[in-house]
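Student: Hello! I would like to learn how to read a structure like this one. Could we go through it step by step?

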Amino acid sequence: MKDRDLIFEKSRPGKKGYSLPELDVPQKQDLLPENLQRKNPAPLPEVAEGEVLRHYINLSQLNHSVDNGFYPLGSCTMKYNPKINEDVSRLPGFAELHPYQSEEMTQGALKLMAELEKYLCEIGGMDRVTLQPAAGAHGELAGLMLIRAYHRHRGQDHRKKIIIPDSGHGTNPASVTMCGYETVEIPSDDKGCIDLEALKEVLDDKVAGIMLTNPNTLGFYEENISEVCRLVHESGGLLYYDGANANAIMGYSRPGDMGFDILHFNLHKTFGTPHGGGGPGSGPVGVKDKLVPFLPNPMIEEEDGKYFLDYDRPQSIGRVRSFFGNFGVLVKAFTYIRMLGAEGLKQVSEDAVLNANYIMEKLAKSYHLKYHRNCMHEFVLSGKKQKDEHGVTTTDIVKNLLDHGIHPPTVYFPLIVEEAMMIEPTETESKETLDEFVAVMEKIAKMAEEDPEKLKEAPYTTPVRRLDEAGAARNPILKWEPKG
Amino acid sequence: MNHQFLPNNEESRQEMLKSLGLNSIEELFGCCIPENVRFKGKLNLPKPLSELEARRLLTQIANVNQPASELVSFLGGGVADHYIPASVNHIISRSEFYTAYTPYQAEVSQGTLQNIFEFQTLICMLTGMDVANASMYDGASALAEAVLMASSVSRQNKIVISQTVNPQYRETVQTYARATGLEIVEIPHKDGQTDLEAMEEAIDDKTAAIAFQSPNFFGIIEDPFPISKLKEKGKKTLLISVVDPLSLGVIVPPGDYDADIVLGEGQPMGNPVSFGGPHLGFFAAREKLIRKMPGRLIGQTEDVDGKRGFVMTLQTREQHIRRHRATSNICTNQALNALAAASYLNLMGKKGIQEVAHQCLQKANYLKEKIDALPGYSIPFNGPIFKEFAVKANRPFQEVQKVLVDKGFLPGIHLEPYYEGMDDWFLVCVTEKRTREEMDRFAAGLEGV
Amino acid sequence: MYPEELKYTDDHEWVRVENGKAYVGVTHYAQEQLGDVVFVELPDIGEEFEMGDSFGVVESVKTVSDLFMPLSGKVVEINEDLEDSPEAVNEDPYGEGWIIAIELSDESQLDQLMDSEAYQKTLE
């Protein structure tokens, strides 16, 4: 009897789901001038507490999540989220700390952030890190603002071009525009890496920088990364490292050592903090010394064992949000790093890479692989063979995974692989789970040959089946409204 | 090594390597990462901790802090200590919610999708606006996005913003504006409210938007009607209104005064203060602006069997499709914080939202009068207040603060860092959680300074 | 699929000259590539564009494509019905799915467009 009604449809006059103490001060009239008063109360639902709870528990059960099944969503690093992190981030000393409290009262929090900054510097090979950005995209924007501030400071604000490989994530160009820059796209070579010749062609004194992930979105480590860095630096540009794929390289390679000037980490990918159904994330940005003066305000500093917030930084780009960052998320990432240490983080990357290669080789037997060589933590499989031979698309293939309790990979991205399926198993999946996944994928490949029509109708067993997205976009219904 | 977060044992690892025709993991990394960029050392990090040690360490760090909850707090400034019903934490602790990601696969994400659809509806109900998005990072970045949106809608690049808007929001807007080349004109305050004459003078045909906040940073409820009227001075000028969501239980909603974009900090709705984050920004607009809105939007539709379902919609606005011409680079929202906010609003309901707002209004005014009557203190501004108000002491705030903290109070926010010449001034916030007894003791404490 | 009486462009648009006005829309091929069209962003009447300028946008669920001026001129009519029924672009690309009408500033540009046969060759 699981109902799927909206909470508004459950509302009945007079019900309530809260209680408050009686007002204990003398009630005054006329505190609000007539024209500032609300005339009609907001029609929020009237529901009892237990009904609200049941509503949400039923909703939760309609979700696929890391805690109830395999979630190989490429580039998103859907790894297990340790429960200790949930507990410690809710400690009153963290959750009930007000951001306007004095430095004396918040030494623990400031220390935790300062330490986390040090760890992230070490892992990334950077000199300083700001913890302020709320998400990866927010970090990208902050990072590009730093590039802009750097060039401006040197009288080079005519540099307006940001180079992005054609395999780049859509946020890259979107961030570029928000920063008043223009995107220059360069193609990948036949090994799925940056085409050095194409890069040389666009490098000139108008280039502000380049944005890269490494490993790139195809899951390959850029083998010419040192040369790329040298060329870009030679032209006067800076290098930005998008940390979306940092889970592959911890303890094995550091963006700072590769030659990058700026990076962002996604704490919700690499450092085990939960994705929350789409946030909150956290996107700290690390830089080399020459960019430190421009980092957002405030920075956390230490003197004689006492931590303080430094706002006296005249060259700073300013703030990119309120306060200091998604602090609760920082607590989780801090705890994660402390529980793994250097050897643990290295093992994380090893297992992530091994898991990805293991299933890639197995799946290469039944699916097309545009670039077939050792990958890092993820790889891009293609549904081209199934499409060409049986008219079954990648959408059809992944919708069948849903019927097996598996979340689909990232699909149709990167754009340079036809019918792409980007698969990132992460290190927190066992060989047994991977074998099961491979078996399901092989079964689907077989069905594509034998009964393609059945595949095209999937999923069959999910809470809802394929939804009419065109209808939703043509005639947007973005809120509930009472009938009549 | 084996670790509690890593399910593969040595045997599985060896088997997997063998199936790849490799002898060691070193071989695998060796063939991928060029020698010259290989990190040869060991990362300089503290040694790994067991779960018990980690819990001990984090508890110890947390205990170094003195959280607001251990004192009687009058801190606000956009983030305030409101009561969070017990159920909220139980709802957001369902790992089916918090270990899921953005609802790319609608068939197995109806929980997240339906919640956001309900959240959008609740924000519309509260603000009186036509459409709301799935949420933004926080109030400050929501205002920055609103300003960019207004510029894109009107194709103008001058923004007129009142200095009574939260200083951190204005700083954020300045940061975004420097990058995109927007011109920001700040309007000074007069008696704690937007100087309307100065604002009127600043508006011209090039003005993309007027931005104001009510209740403003000083806690004063500004009359939105004359400000809204100033739109006519410009050509395609939009009105951006920054609001405290809980105030809308009693205060006229922006939908009633022709606001075009409405946003604010959503923390007061069921989210802990958490040293400033993670919180959420809410963001609403008039219907005709939806295609210029930043952020995720969830829409209602049907599946192949005719069953109601929800999907991410109008995605062509977004970065993964429109790339460099997207309305914003934002990918996700603050889904879990929005879940807390939605469950808070559903629990409070139609009556509760009015009651909590009413209590804030009554209690804040009670304390305001009480302090006004104290020797050595005055209430410098005249306008009506909601839950915050400015106080002027006859000595620097530091002195007041020191004495009050020792008595177990967090007396408020010092205004000097944000408004010049206010060294003796502070901002006091009273939520429904404060009792008469606490306020009386606080007033007595102030008197004793 | 590709009516003889129309002219075509490399950007998969068609042009029909009628009473001194040129009606513009997208071809059958284009609508097929786009998939379900959900929104068409139209210019304002009176706006002037050069040949090759982007004058609007057509959106399907997961793609966005620019619309390019097949010829230089001034927009004199827009198909407002597309606001409520963008699906006309899919269902009737040469009829109800027309997008704008323009007043040509240089009729000789018409010679630069392809006829049906030449256009179909480009699709092969």
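Student: How many residues of chain A are in contact with chain C, and how many residues of chain C are in contact with chain A?

Tutor: Before we start, keep in mind that this is a predicted model. For this pair of chains, 4 residues of chain A are in contact with 6 residues of chain C. On the chain A side, 2 residues are nonpolar, 2 are charged and none is polar.

Student: How many residues of chain A and of chain B are in contact with each other?

Tutor: Here 166 residues of chain A are in contact with 169 residues of chain B. On the side of chain A that touches chain B, that is helix α11 of chain A, residues 327-363, with 21 residues. By class, this side of chain A has 86 nonpolar, 49 polar and 31 charged residues.

Student: Which domains is chain A divided into?

Tutor: The assignment for chain A lists domain 1 (7-68), domain 2 (84-339) and domain 3 (348-470). Between domain 2 of chain A and domain 3 of chain A, the contact takes 18 residues from domain 2 and 15 residues from domain 3. The domain 2 side of that contact has 8 nonpolar, 8 polar and 2 charged residues. The C-alpha centres of these two domains of chain A lie 31 Å apart.

Student: And what are the domains of chain B?

Tutor: Chain B has domain 1, written as 68-83 + 350-447, and domain 2, written as 86-343. Notice that domain 1 of chain B is given as two stretches of residues. The C-alpha centres of domain 1 and domain 2 of chain B are 27 Å apart. In their contact, 25 residues of domain 1 of chain B meet 22 residues of domain 2 of chain B. Two elements of chain B, α12 (335-372) and β14 (388-393), each give two or more residues to the domain 1 side. The largest share of that side, 7 residues, comes from α12(B). Its residues divide into 16 nonpolar, 6 polar and 3 charged.

Student: How can I describe chain B as a whole?

Tutor: Try its elements, its span and its burial. Chain B has 14 helices and 17 strands. Its C-alpha trace spans about 80 × 55 × 50 Å along the principal axes. Of its 449 residues, 63% count as buried.

Student: How do I read a sheet?

Tutor: In general, strands of a sheet pair through backbone hydrogen bonds, either parallel or antiparallel. In chain A, 3 strands form an open antiparallel sheet in the order β10-β12-β11. β10 (379-382) and β11 (410-411) of chain A stand at the edges with a single partner strand each, so one side of each has no neighbour in the sheet. β11(A) pairs with strand β12 of chain A, residues 420-423, over 2 bridges. In β12(A), A:Met421 is the bridge partner of A:Val411.

Student: Where is A:Glu419, and is it buried or exposed?

Tutor: A:Glu419 lies in the loop between β11 and β12 of chain A. A:Glu419 is buried, with 22 other C-beta atoms within 10 Å. Its phi is positive, about 50°, although it is not a glycine. A:Ser75 also has a positive phi, near 75°. A:Ser75 sits in the loop between α1 (49-60) and α2 (83-89) of chain A, and it is buried, with 23 other C-beta atoms within 10 Å.

Definitions and conventions: Residues numbered from 1 in each chain as written. Chains lettered and ligands numbered in written order. Predicted model: local features only at pLDDT ≥ 70, side-chain atom pairs only at ≥ 80, totals over all residues. Domains from an automatic or database assignment. Contact = placed C-beta atoms within 7 Å. Nonpolar A, V, L, I, M, F, W, Y, C, P; charged D, E, K, R; others polar. Helix = DSSP H or I, 4+ residues; strand = E, 2+ residues; numbered from the N terminus. Pairing = 2+ DSSP bridges. Buried ≥ 20, exposed ≤ 12 C-beta atoms within 10 Å, placed from the backbone.
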